[in-house]
Amino acid sequence: MNNLPDFPWDKLEPHKRRALEHPDGIVDLSVGTPVDPVPQVVQEALVKAADSPGYPLTHGTRELREAAAGWLARRHGVSVGEQAVLPLIGSKEFVAWLPTYLGAEHVALPELAYPTYDVGARLAGAKASATDGLVALGPEPVDLVWVNSPSNPTGRVLPAEHLRKVVEWARERGAIVASDECYIELGWEAEPISILHPDVCGGSHEGLLAVHSLSKRSNLAGYRAGFVTGDPALVKRLLEIRKHGGMIMPAPVQAAMAAALADDAHAEEQRERYSARRAVLRPALEKAGWTIEHSEAGLYFWASNGKDCWTQVAELAEIGILAAPGDFYGAAGSSHIRIAVTATDERISAAVRRLQ
Ligand SMILES: Cc1ncc(COP(=O)(O)O)c(C=O)c1O
């Protein structure tokens, strides 16, 4: 257990306290937790399924699996069988335990990345290599490669060509590619593509997994709802392990998630909210001296004013705005900050005023 890093967010506490002292209150753009309502259609499905005394299936209801497969086909041009869909209790738990499920000894992950990929390698006692150039890994065997497009923290979208090369590289070595696609519906200046799209994988899902989350698309972070799909044989193996381990999504959440995946109207409404917030916050940050890099998709601005990330965090905390330091996501982020657009319109307006 003691090979786990300190929980990074604790280090932000002094800056949070400083930001909280602002007379008009804190604008917290650090964590990126959804603040808008859970869609009505989803709440209704949850309530309707409230009387659920029996054990749910680890594999989920057929309705849920079909809703997930239907959404992937409708929105992302990806065709999977419903049997190849496996519900997750939010995608984070799966990210953290996949290397253990696979018995992985060496995991490759992006140089700037969501910290849980590294945590997952540590939990499995595996070596982690943070690199964007797989070729740099040389001949050393790799069991699992994580990709994350659109990226947290940079908002970068990997084009089909890039993903195709990753798939080819991994297939030549017998490595599994897990693609974390939790921001796939939030493309702004670029169109994200799934690892399971035929243009990327050539029509075969062998050795590939795509991980999806309802947290951001449908404001369901509080429900803990996601799923993994891809290689049917691999998903079957994962299902067996999760059955033994009791990793079961609660039945009312299964019903709620099926309703969320069957409905696109609420997701479009939510996209528009984030789009409007980006449109006001971006020019305000730029006018105040920050340069925004990547950020063509997802929920964050990856920004720098050239100083050390903690200096930038401190400068913003002085005007009551809390951002995340780039080094939370890897040493290569030490002169960047990550600014989330997951605050109410009122709080985003407050941030814009303060940056003037
Ligand atoms: C890249 C990435 N993957 C996975 C997750 C986990 O999301 P959840 O557990 O809410 O599905 C997050 C959460 O912010 C994330 O940024």
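Me: How many aromatic pairs does the structure hold?
Reply: There are 8 aromatic pairs in it. Keep in mind that this is a predicted model, where local features need pLDDT of at least 70, side-chain atom pairs count only at pLDDT 80 or more, and totals for chains, interfaces and linings use all residues. Residues are numbered from 1 along each chain as its sequence is written, and side-chain values use heavy atoms, with hydrogens and water left out.

Me: What makes Y114 and Y117 an edge-to-face pair?
Reply: Rings of Phe, Tyr and Trp (its six-membered ring) pair if their centres lie within 6.5 Å; planes under 30 degrees apart are stacked, over 60 edge-to-face, and the rest tilted. Y114 and Y117 sit 5.6 Å centre to centre with 75 degrees between the planes, an edge-to-face pair.

Me: And why is the pair F328 and Y329 called tilted?
Reply: Their ring centres are 6.3 Å apart and their planes stand at 55 degrees, so tilted it is. Ring pairs also link F328 and Y329 with W9 and W310 into a cluster.

Me: Why do F328 and Y329 count as buried?
Reply: F328 is buried because its relative accessibility is 9%. Y329 is buried too, with a relative accessible area of 4%.

Me: How do you know that the charged end of R338 sits over the ring of Y300?
Reply: The rule asks for NZ of Lys or CZ of Arg within 6 Å of the ring centre and within 35 degrees of the ring normal. The charged end of R338 is 3.8 Å from the centre of the Y300 ring and is counted as sitting over that ring.

Me: Which residues lie nearest the centre of the largest pocket?
Reply: W9, K92, Y114, P115 and T116 do, out of 43 lining residues. On a 1 Å grid over the protein atoms alone, a pocket is an open set of points where a 1.4 Å probe fits, with protein on both sides within 12 Å along at least five of seven lines; lining residues have an atom within 4 Å of a point.

Technical notes. Buried means under 20% relative accessible area, exposed over 50%, partly exposed in between (1.4 Å probe, protein chains only).
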